[in-house]
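Thanks for coming. I have one structure to go through this morning, so please look at the screen.

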Amino acid sequence: MTVQINAKPLAGFDRPIDMLIDCHRRIEHFLDVLVRVLDRYAGHPLDAEGRQAIEVSREYFAHSAPRHTADEEQSLFPRMRSVGTAAAATCDLLDRLQQDHQTADDLHTRVDRTLGEWLTSETSLSDERLAGLRADLTALKNLYADQIRLEEDQIFPSAAKTLNSTQLREVGANPQAVPASLWRRPSRGTPGQRAAVSSHSTSRSPTI
Ligand SMILES: [Fe+2]
């Protein structure tokens with residue numbers, strides 16, 4: 001299935017690594033949207049455009065981005081570990097990435113709470129709250145930049161080399177095929193919620 005964000009066609013389940021890379025571009029996109037909202041509306045009431053940009057970005061990070069993390073942690077990483085040919089250094093990188101995912105989760109929780117307060121405010125957030133939001137978004141951008149570089153430069157090429165075509169096809173499309181004992185950390189949401197929401201689902205793209 002092909003979906004569109006902006007004008008670029010995205011990869012389907014037949015190209016799982018490209019699909020994960022496309023998700024990275026979405027993560028970067030929606031983080032940039034939130035930074036632009038902050039730049040434009042700090043100290044001012046949100047208008048309809050600002051509200052919509054926050055709501056769409058919150059929706060993406062609440063539902064689709066966790067699915068991407070689950071695709072990696074519950075599908076790609078266990079398969080890479082299970083083939084037995086992954087180098088010890090690669091396994092160490094996978095451990096580090098899972099720790100970074102948890103750090104990102106914690107930052108997202110705080111950002112989401114602050115954005116929720118902003119949406120219900122008739123004026124704006126305090127200077128202190130705005131500064132906290134900016135610091136958290138900066139931390140997320142830096143964290144994701146490191147994660148994405150590591151995954152795209154080292155982990156994904158390693159996966160493409162060590163996993164066979166069947167294993168690669170299963171990545172992202174069928175995480176339940178991996179025994180639960182191989183999972184290192186549950187993702188956010190219930191299994192039903194995770195199954196219902198794809199990291200590759202189409203999201204509205206704000207114009208901000
Ligand atoms: Fe990723």
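First, a caution: what you see is a predicted model. Every value I quote is computed from that model.

The protein chain has 208 residues, and 29% of them are buried. Its secondary structure amounts to six helices and two strands.

H1 covers residues 16-41 and H2 covers residues 48-82. How far apart are their axes, and at what angle do H1 and H2 pack? The axes are 10 Å apart, and the angle is about 150°. Anything over 145 degrees counts as roughly antiparallel, so H1 and H2 are roughly antiparallel to each other. The crossing of H1 past H2 is left-handed.

Which residues make that contact? From H1, they include Leu20, Ile27, Phe30, Val33 and Leu34, along with Arg26 and Arg40. From H2, they include Ala53, Ile54, Tyr60, Phe61 and Ala65, along with His68, Asp71 and Glu72. Sorted by class, the H1 with H2 contact has 13 nonpolar, three polar and four charged residues.

The second pair is H3 and H4. H3 runs over residues 88-120 and H4 over residues 127-162. Here the axes are 9 Å apart and the packing angle is about 155°. That angle makes H3 roughly antiparallel to H4. H3 also passes H4 in a left-handed crossing. The contact of H3 with H4 comprises 13 nonpolar, seven polar and five charged residues.

Last, the loop residue. His44 sits in the loop between H1 and H2. Is His44 buried or exposed? It has 10 C-beta neighbours inside 10 Å, and the cut-off for exposed is 12 or fewer, so His44 counts as exposed.

What lies 78 residues away from His44 in sequence but 9.4 Å away in space? That is Glu122, with the distance taken from C-alpha to C-alpha.

To recap, there are two helix pairs to remember: H1 with H2, roughly antiparallel, and H3 with H4, also roughly antiparallel.

Key:
Residues numbered from 1 in each chain as written. Predicted model: local features only at pLDDT ≥ 70, side-chain atom pairs only at ≥ 80, totals over all residues. Axes fitted to C-alpha atoms, helices over the stretch in contact; angles between N-to-C directions. Helix = DSSP H or I, 4+ residues; strand = E, 2+ residues; numbered from the N terminus. Parallel < 35°, antiparallel > 145°, perpendicular 65-115°, else oblique. Left-handed = near helix turned anticlockwise from the far one by under 90°. Nonpolar A, V, L, I, M, F, W, Y, C, P; charged D, E, K, R; others polar. Buried ≥ 20, exposed ≤ 12 C-beta atoms within 10 Å, placed from the backbone. Contact = placed C-beta atoms within 7 Å.
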